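Good morning, and thank you for the time on today's agenda. I shall go through one structure, from its cores to some of its strands and helices.

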Amino acid sequence: MADDRGGDVIKGTLEMIVLEVLQAEPMHGWGITERIERRSDGLLSVNQGSLYPTLYRLVARGWVSSAWRTTENNRAARYYTITRAGRKRLAAERAQWERLSRGVGLILAGVRP
Amino acid sequence: MSVRAWWARVRGTLRRRDALDREMEREMAFHVEMATKRNVERGMPPDVAARQAKLSFGSVGAAAEAGREAHRALIVENAAADVRFAVRALRRAPSFALATLSTMALGIGASTAIFAVVDAVLLRPLPVPQPADFTYLGWVWDKGDAFPALTSLQYQFVRDHGRAFTAVAAYGTRDARVGTVPNASTTPVRGLEVSGDFFRTIGFTPRLGRAFDATELKAGDASVIILDDAVWRTRFGADPDIVGQRLFLDREARTVVGVMPANFFFPPAVGDTGFLVPVAVHVNPTDEGHNTQAIARLRHGTSDFARDAEIGALSQAFRAAYPALAGAHEAFRLYTHREAYAGGIRLTLWVLFGAVSLLLLIACANTATLLLVRASSRQREIAVRAAIGAGPARILQQLLTEGLVLAAISAVLGAVLGALGLRAFLAAAPATLPGGLAPEFDARILVFAVAVCVLTGLVFGLAAAVPSFRWRLASGLLGTARGTTGGGTRTREVLVLVETASAVVLLAGATVLAASFARLMRVDPGFETDAVIAVKLGPLPDDYDAARRAQLAGRILERVRRLPGVAHAATAPNLPLERGMNFPVDTPEHPELGLGAVELRFVSPDYFATLGVPLAGRDFAASDGAGGEPVAIVNTTFAKRFWGEAPAIGRTIQIGHFKDRWLSDRLEHQTRVIGVAGDMREIGLDRAPRATVVVPWTQGFDDRQPVLLVRGEMSQVAKSVRAEVLGEDPRLIPTVEPLTAAVSRNVAEPRFRALLIGTFAASALLLAAIGIYGVIAAVVEERRREIGVRLSLGATGAVVALGVVGRCLLSVSAGAAVGLAAFWVTRRSLASMLYDTSPGDPRLLAVALAALALVAVFAAWVPARRAAHLDPVTTLRLD
């Protein structure tokens, strides 16, 4: 099956980040942007042009489901919810990311065993 | 799929796409709106805030397109990847792919070919307008015999009094040359001679010109003709101005009044009907021969009950009007086309239909078995894929794709096999398929068979896949699933049972039919066929008048007798085993023993010597001429019937005398028996010889063209005989063939049946072998670890092999028992096709079972041997 692991790192990371944000609660696209900015202390800002394609891809793969709901301000917005497969996927990605970042961190720290 | 349905689907897809776009736009508008709101909260003026939000979002259109792209690409990508994956997986398992493909292709091919024939001959309605109202007319005699034809008097009676019908007609066939000059030198064409209300009965009218009018039909007008579409096209270049032109039918000048439409179909003609000419039915009340083929159209909407009542009343009226001609229980009868023409082959076709259904069942069971086996061998693969995040739907989609790829390939193979099979069937079939009902290779039938196979594949493929990611996810990965008997085992055993049972039914049927055929071939026909050739002179040019016709055969006979290499030569009215003439015969001392249907033959001297038939008494001589004393030779059966063991030579018989009445004044004389000949099986190898009387041809009254029988050196004689016939008249078109060919025509149908069912049985055996092999191979694969442990603990290979094979052979035995029982129940359906063979003959059933046992043991032995030779170390180290 199609799997673009090892392709575009940014894209892969964005998927993981979106899944992580959605793990807390179902959220609409705008809310996801806001939460990413807030939780990363403004270090990360998401390009909307890549956020929505990422969301649709996650939906198509069955990791995220979506439904129209009303916001607290009584506005209709599409809410995204993480699925069981999505949680599994997030766990796998997280593990991989932690290995990768520990490895990269060790190299950059210049520690020799 | 119809164009409309297709369009609806396309539109549905487009609509869904529209909806998707609208949702995306709404979602992005919401996003921009929220961004604007935040900018305002941060103190921007509203217009700047909105512009800023839009800028930071970028182009809505571009984002929507990117989103759409992601959506679309994934679906296509998945499907394409699935197909690629399926093909790769199948290539990695070539034996599985080959077994499944050949199974499905064989099942689809064989069943579509036979279904096409059954559909054409037995199921499809007759291609005439309103076929339900179309009927043939026949007659039932006192003893219940019936025949689909009438006497001329009965025909006239139905025409004048049959109130159940809106139209009644009669027809016959005629072979004639059609051309623009008299006696054109073209091959004769078969045409129809029609009378009565033919066109209204048949329901077709000419596409060009007109039908024959009532006067022409009544008078049998010999100056008009209607051409068939095919003849009009091939011989007259589809000339649109053909109507009104003059052409010649043999020597008769006729004006074309019409051309029939291309879909004109009239049943009894084998091949094309080239032309129609009107002919008058001459009613001769003393002619009791059922020689008028009559058809009728029932009043539309008549209930069966009302129709039967009217036919009953009509029969009663006929009996009342002609009490001398109809017994108390004789009656008119309606025949459907199939009853009238497909009689002989119907049973054969139903049996073939049953056989091919069994084959299709085996193919389905086999496909299912193979898929189950494959699924179980893929537990681990599926478990791994589920573990790395493939959802159930995704895995199902993948398995489904694999099934569809298999189905697509086997559908193509099956269609090719089916088309070839149908062609082979039609080539091998005896010429008893009713004319005009030519089977066509039909897409509907193909779709049906493919659908059956695909459905089987999908149902069992999925059934096998579902449990694999319910409970095998964990155990499959851990490898502990090995020693267990999974849910698939029971299903597999049932499938093996079904396959074996069906194969046994087919095998038993094939064995019985083959044995019957072998016995039939060993029957002594009572005459020698080996050194005899048969010569038919073909249609005579019609400048031959009666006198010339009578002399022709005699002159050729004289020429042939003088040829080197010819031992004997004679003429006969027909070849042995071809239909001859029946006549009533009795003796003056025993008229009560008289037979209504004695075989009567008019032959030349040397007839018995030519056929190698023993003869006591004297043969006919040249002196037994037209003016001499009437003499005859009878066969042993005839002599036994009338005189028992007493000598027959010198006795007197009465040809044409029956129930104290002479059939005609002309026949009113006594005939002396001068010889007794051996019995010949003349009406069929499988039928006992009938009482026969043979009369010198010079004293006979048969004006049909006789055939020549020549005994001698085959290779030398065949060519020179043909030369002599052409030497007599170069316009003759003789057919020269060995008499063995006529015999083999006579057994064509039993041979065909035995051959076809034999082929099915062989295929069934092969499929069953594949199924059994597959199951045992899977068992070995699943229990590899257990087997390794047992081997390493000291179990011998033989014990292990037996353990593996045991359960499967148990299912095979159970299947054989079920199959035998099923055959036993249905064996009666074969009885009427058998010659001197009991369908329940235990020796034959034992042969069938032995064949199955042999194949089953061999199919099991190969994987069992593998199990016995497993290396325990490798096996255990595998995990």
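Before the first example, one term is needed: two residues are in contact if their C-beta atoms, placed from the backbone, lie within 7 Å. Please also bear in mind that what is shown is a predicted model.

Let me begin with the nonpolar cores. In general, nonpolar side chains tend to be buried together in soluble globular proteins. In this model, the largest nonpolar core has 104 residues. The residues with the most contacts inside that core are B:L507, B:A764, B:I772 and B:I776. Which helix gives the most to this core? The answer is helix 22 of chain B, residues 748–782, which contributes 19 residues. As for B:I776, and leaving aside neighbours within four places in sequence, its contacts are B:V804, B:V805, B:C808, B:A860, B:P863 and B:A864. There is also a second, separate core of 56 residues, and B:L153, B:Y155, B:L192 and B:V257 are included in it.

I turn next to a sheet in chain B. It is an open sheet of four strands in the order 14-24-13-25, with antiparallel pairing. Strand 14 (566–572) and strand 25 (735–738) of chain B stand at the edges; each has a single partner strand, so one side of each is left without a neighbour in the sheet. On average, neighbouring strands of this sheet are turned by 20° against each other, direction ignored. One of the pairings may be taken in detail: strand 13 of chain B, residues 532–536, runs antiparallel to strand 25 of chain B and is joined to it by four bridges. Within strand 25 of chain B, the residue opposite B:K536 is B:T735.

What lies across strand 14 and strand 24 of chain B? It is helix 17 of chain B, residues 546–561, which runs at about 170° to strand 14 of chain B. Helix 17 of chain B has 16 residues and spans 24 Å from its first C-alpha to its last, close to the 22 Å expected at 1.5 Å a residue. The helix has a kink of about 25°, centred on B:L552. Its buried residues are B:A553, B:I556, B:L557 and B:V560. These buried residues of helix 17 pack against strand 14, strand 24 and helix 20 (714–728) of chain B.

Strand 7 (residues 224–227) of chain B, by contrast, runs parallel to strand 9 of chain B, with four bridges between them. In that pairing, B:L227 is the bridge partner of B:V259. Strand 8 (residues 246–249) of chain B also pairs with strand 9 of chain B, in the antiparallel sense and over four bridges. B:L249 stands opposite B:E252 in strand 9 of chain B. Strand 8 and strand 9 of chain B form a hairpin with two residues between the strands, and in it B:D250 takes a positive phi near 50°.

Let me now consider two single residues. Is B:A49 partly exposed or buried? B:A49 is partly exposed, because 19 other C-beta atoms lie within 10 Å, whereas a buried residue needs 20 or more. B:A49 is found in helix 2 of chain B, residues 46–57. Apart from neighbours within four places in sequence, B:A49 is in contact with B:T36, B:N39, B:V40 and B:M44. B:R38 is eleven residues from B:A49 in sequence, and their C-alpha atoms are 8.2 Å apart in space.

The second residue takes us to chain A. This chain has four helices and three strands, which follow the pattern α-β-α-α-β-β-α along the sequence. Of its 113 residues, 29% count as buried. A:W63 lies in the loop between helix 3 (48–60) and strand 2 (64–70) of chain A. A:W63 is buried, because 23 other C-beta atoms lie within 10 Å. Not counting residues up to four places away in sequence, A:W63 touches A:L19, A:L58, A:T83, A:A85, A:G86 and A:R89. A:R84 is 21 residues from A:W63 in sequence, and the distance between them is 7.2 Å, C-alpha to C-alpha.

Thank you for your attention.

Terms used
Residues are numbered from 1 along each chain as its sequence is written. Chains are lettered from A and ligands numbered from 1 in the order in which they are written. This is a predicted model: local features need pLDDT of at least 70, side-chain atom pairs count only at pLDDT 80 or more; totals for chains, interfaces and linings use all residues. A nonpolar core is a set of buried Ala, Val, Leu, Ile, Met, Phe, Trp, Tyr and Cys residues joined through C-beta atoms within 7 Å. A residue is buried if 20 or more other C-beta atoms lie within 10 Å of its own, exposed if 12 or fewer, and partly exposed in between; C-beta atoms are placed from the backbone. Two strands pair if DSSP finds at least two bridges between them. Axes are lines fitted to C-alpha atoms, for helices over the stretch in contact, and angles run from 0 to 180 degrees between N-to-C directions. The expected span of a helix is 1.5 Å times one less than its number of residues. The bend at a residue is the angle between axes fitted to the seven residues ending there and the seven starting there.
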